[in-house]
Amino acid sequence: MQIFSAVGTACIFYYLLIALYTGKWNSTFAWFWAVCGLVHLAAGAGFAVLPVFWRKTVLVLYFLVWLVFLFVEIQILTDAGKNLSGRKNPEVKYLIIPGAQVRGTVITNSLMRRLDCAYEYLMCHKDTKVIVSGGQGSGEAISEAKAMADNLAGRGIEEFRIIKEEKSASTFENLTYSAAIIGDMTVPVLVVTNSFHLHRTLILGRKAGYQRFYGLAATSNKVLYMNYMVREFFAILSIYVP
């Protein structure tokens, strides 16, 4: 069927774009596009030989999957749109920046975007303290929290305003360990993260017990945005389907 061939071809081309853009054939989650493309192309080639009943069944299931996917993606885009960095944001006591990958000591693009957005807020809200949250993972010479703290301090954010949380290894741990630092779950808290990541972060924040939890959307890499959005779909599903 043509729809399978069209989607499969698009997935393969996007995989090649990611590989050329990043200079790596095994970039995070990029494998999905290659596998998805090959599966769709194979389905397109074999669809015609299926009995009519199975063709109808496959199409119904395929479009149901698309409906679920689109529903989740709309939620992600809605939260990102409502919390753009250029809009008015509440005055909060604490701002949380969840960590992202650091290569050695070098801050990656997604994390730098979070820091840029948080820096703008902190410069306008001098009484807000920032919790930089992230442990030290594979390939990281320092913790993500230290990398973020050094970056903000280097831009002039006073060190007494910067609190490091260096144990967490996931978004939920970022929020739960930061909650332990804050103590009072009724105080207003703002989380700064990339637009594609914000919806899941807000869900996890409510799950962690924050009662006045707000989001601020940092920008995202335009080339990799679709890759991140699809990855978030599976990450959000994992919250509801253990």
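Helix α6 (residues 171-182) lies across β1, β4, β5, β6 and β7, and α6 runs at about 130° to β5. Angles here run from 0 to 180 degrees between N-to-C directions, with axes as lines fitted to C-alpha atoms, for helices over the stretch in contact. Helices (H or I, at least four residues) and strands (E, at least two) are DSSP runs, numbered from the N terminus.

This is a predicted model, in which local features need pLDDT of at least 70 and side-chain atom pairs count only at pLDDT 80 or more, while totals for chains, interfaces and linings use all residues. Residues are numbered from 1 along each chain as its sequence is written, and side-chain values use heavy atoms, with hydrogens and water left out.

Threonine 171 lies in helix α6. Threonine 171 counts as buried because its relative accessibility is 11%; buried means under 20% relative accessible area, exposed over 50%, and partly exposed in between (1.4 Å probe, protein chains only). Not counting residues up to four places away in sequence, threonine 171 touches His197, Arg200, Thr201 and Leu204, where contact means heavy atoms within 4.5 Å.

**The sheet**

The sheet is open and is formed by 5 strands in the order β5-β4-β1-β6-β7, with parallel pairing. Two strands pair if DSSP finds at least two bridges between them. Strands of a sheet pair through backbone hydrogen bonds, either parallel or antiparallel. The edge strands, β5 (162-165) and β7, each pair on one side only. On average, neighbouring strands of this sheet are turned by 25° against each other, direction ignored.

Where does β4 meet its partners? β4 pairs with β5 in the parallel sense over 4 bridges, and 5 bridges join β1 to β4, which run parallel. Isoleucine 131 has isoleucine 163 as its bridge partner in β5, and isoleucine 131 is in turn the bridge partner in β4 of isoleucine 96. β4 is mostly covered, since 4 of its 5 residues are buried.

**The cores**

A nonpolar core is a set of buried Ala, Val, Leu, Ile, Met, Phe, Trp, Tyr and Cys residues joined through side-chain atoms within 4.5 Å. The largest one holds 26 residues, of which Leu95, Ile97, Val130, Val132 and Leu152 touch the most other members. Two or more residues of this core come from each of β1 (94-98), α4 (109-124), β4 (129-133), α5 (144-154), β6 (189-194) and β7 (213-218). The element that gives the most to this core is α4, with 6 residues.

Valine 130 touches Leu95, Ile97, Leu122, Leu152, Arg161, Ile162 and Ile163, not counting residues up to four places away in sequence.

**Helices α3 and α8**

Helix α3 (residues 52-82) packs against helix α8 (residues 225-240) at an angle of about 110°, and their axes are 10 Å apart. That angle makes α3 roughly perpendicular to α8; angles under 35 degrees count as roughly parallel, over 145 as roughly antiparallel, 65 to 115 as roughly perpendicular and the rest as oblique.

Which residues make the contact? From α3 come Val68, Phe69, Val72, Glu73, Ile76 and Leu77, and from α8 come Tyr225, Met229, Val230, Glu232, Phe233 and Ile236. By class, the contact has 10 nonpolar, no polar and 2 charged residues. Ala, Val, Leu, Ile, Met, Phe, Trp, Tyr, Cys and Pro count as nonpolar, Asp, Glu, Lys and Arg as charged, and the others, Gly among them, as polar.

**Two residues of helix α1**

Isoleucine 12 is found in helix α1 (residues 2-22), and serine 5 is also found in α1.

| Residue | Relative accessibility | Contacts | Distance |
|---|---|---|---|
| Isoleucine 12 | 24%, partly exposed | Trp33, Ala34, Gly37, Leu38 and Leu41 | 33 Å to valine 192 |
| Serine 5 | 30%, partly exposed | His40, Leu41 and Gly44 | 22 Å to methionine 229 |

Along the chain, isoleucine 12 and valine 192 are 180 residues apart, and serine 5 and methionine 229 are 224 residues apart.

**The whole chain**

The protein chain has 8 helices and 7 strands. Its C-alpha atoms fill a box of roughly 70 × 35 × 30 Å, taken along the principal axes. Of the 242 residues in the protein chain, 47% are buried. Among contacts in the protein chain with a separation of 6 or more, 75% are between residues 24 or more positions apart.
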